[in-house]
Amino acid sequence: MTAQDHVAKYPIAKPDRPAFRLPVGLTSYFRSRAFGWTIVVVLLVSWQWVSTAYRMPQLPPLSDIAQTWLQQILNGPLLTAVLQTLRITAIGYLFATIMGVTIGFLMGRVQVIWGAAEPIVELLRQVPISAMLPLLILYLGIGDSFRIAIVLLAASFPILLNSYAGARSVSKTMQMTAQTFQLNWLQTQIEIGLPSALPFILVGMRQALGVTLIVAVLTGMLAGNSGIGYFILQAQQVLDVRSLFAGIFTIAAVGYFLNTIFLIAEKRLTRWRNLGLSAH
């Protein structure tokens, strides 16, 4: 079969019409956070409309929840409960960061410490926190030390494991550079090891931050003495649905705020990395 016969038998198909494309402005909108926030607003407006049209005790209108939230913040116990939870979160998170970064980084950089700590870390991180609760209550009671210990346990392992991975990620080229400049061990860790491990450490800290807030709320419910978890538990026991939703929305807002602050700090701390990438 000649080429002409082949073309005649199998004609070349015309190219398809170009796919439908949105205007540039709409494409940018659908790929941005504004699209997600629009969905949130639509859901909240739908909630307000449904709860107003069909009055249900278990689904109060958002306007009523907002009014209750304002009263609880100004004259009620909600503000105090939030501050108590944030205090427990901050203390537990601080100790978890110090412990997790120190142990994880040293495990990644010093073989002897890895050999000594790896079995203990692997054994402990397999134990669910719920299994530790009776023991911790027995030793620490149900006060702040108990709540801080739970937060510390929950937040330590994400930071530790990511710090370990970051310390192991230092390239041989960077290690050879340190040898070329005749840096001692401590200078090598400070000037090369820690900057290389920093992105991993920050990922672990961000994971731990979300876990920390959740655990701090749960410990308030378990201990039953203070915090936003205790506030929500009390509202549930007296069937105060508006206060219950006010507490839940407060946790969501606090969590979003903390995450935003962390992302801003992360961006500033890793600015050198972005500059290095853009230079290539």
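Tutor: A definition comes before the questions: buried means under 20% relative accessible area, exposed means over 50%, and partly exposed lies in between. Note also that this is a predicted model.

Student: Is Leu161 buried, partly exposed or exposed?
Tutor: Leu161 is found in helix α8. Its relative accessibility is 30%. The cut-offs are under 20% for buried and over 50% for exposed, so at 30% Leu161 counts as partly exposed.

Student: How far apart in space are Leu161 and Phe105, C-alpha to C-alpha?
Tutor: Along the sequence, Leu161 and Phe105 are 56 residues apart. From C-alpha to C-alpha, the separation in space is 8.9 Å.

Student: How many helices and how many strands are in the chain?
Tutor: From the N terminus on, the elements run α-α-α-α-α-α-α-α-α-α-α-α-α. The counts are 13 helices and zero strands.

Student: Among contacts between residues at least 6 apart in sequence, what percentage join residues at least 24 apart?
Tutor: Contact here means heavy atoms within 4.5 Å. Among the contacts in the chain that span at least 6 residues, those joining residues at least 24 apart make up 71%.

Student: What percentage of the residues of the chain count as buried?
Tutor: The cut-off for buried is under 20% relative accessible area. The chain has 280 residues, and the part that counts as buried is 31%.

Student: Which residues is Ile201 in contact with, leaving aside its neighbours within four places in sequence?
Tutor: With the neighbours within four places left aside, its contacts are Val101, Asn162, Ser163 and Leu194.

Student: What is the volume of the largest cavity?
Tutor: A search of the whole structure finds one cavity of 30 Å³ or more. The volume of the largest cavity is about 50 Å³.

Student: How do the residues of the lining of the largest cavity divide into nonpolar, polar and charged?
Tutor: The lining consists of Val82, Thr85, Leu86, Leu213, Ile228, Thr250, Ile251 and Val254. Helices α5 and α12 (241–269) each supply at least two of the lining residues. The division is six nonpolar, two polar and no charged.

Student: Thr250 is one of those lining residues. Which side chain makes a polar contact with the side chain of Thr250?
Tutor: Thr250 is found in helix α12, and with a relative accessible area of 9% Thr250 is buried. The side chain of Thr250 reaches the backbone oxygen of Ala246 at 2.6 Å. Not counting residues up to four places away in sequence, Thr250 touches Trp69, Leu78 and Val82. The side chain in polar contact with that of Thr250, at 2.9 Å, is Trp69.

Student: At what distance does a polar contact join the side chains of Trp114 and Tyr164?
Tutor: Trp114 has its place in helix α6 (residues 111–124) and counts as partly exposed at 30% relative accessibility. Not counting residues up to four places away in sequence, Trp114 touches Met107, Pro119 and Tyr164. The polar contact between the side chains of Trp114 and Tyr164 is 3.4 Å.

Student: What separates the C-alpha atoms of Ile129 and Ala154?
Tutor: Ile129 lies in helix α7 (residues 129–140) and is partly exposed, at 29% relative accessibility. Leaving aside neighbours within four places in sequence, Ile129 is in contact with Ile150, Leu153 and Ala154. Ile129 and Ala154 are 25 residues apart along the chain, and their C-alpha atoms are separated by 7.3 Å.

Student: What is phi of Leu239 near?
Tutor: Leu239 is found in the loop between α11 (227–237) and α12. At 71% relative accessibility, over the 50% cut-off, Leu239 counts as exposed. Its phi is positive, in a residue other than glycine, and near 55°.

Key:
Residues numbered from 1 in each chain as written. Predicted model: local features only at pLDDT ≥ 70, side-chain atom pairs only at ≥ 80, totals over all residues. Heavy atoms only, no water. 1 Å grid on protein atoms, 1.4 Å probe; cavity = no way out; pocket = protein on both sides within 12 Å on 5 of 7 lines; lining within 4 Å. Points joined across faces, edges and corners; volume = space filled by probe spheres on them. Helix = DSSP H or I, 4+ residues; strand = E, 2+ residues; numbered from the N terminus. Nonpolar A, V, L, I, M, F, W, Y, C, P; charged D, E, K, R; others polar. Buried < 20%, exposed > 50% of the residue type's maximum accessible area, 1.4 Å probe, protein only. Polar contact = N/O pair within 3.5 Å; in protein donor to acceptor, adjacent residues only side chain to side chain.
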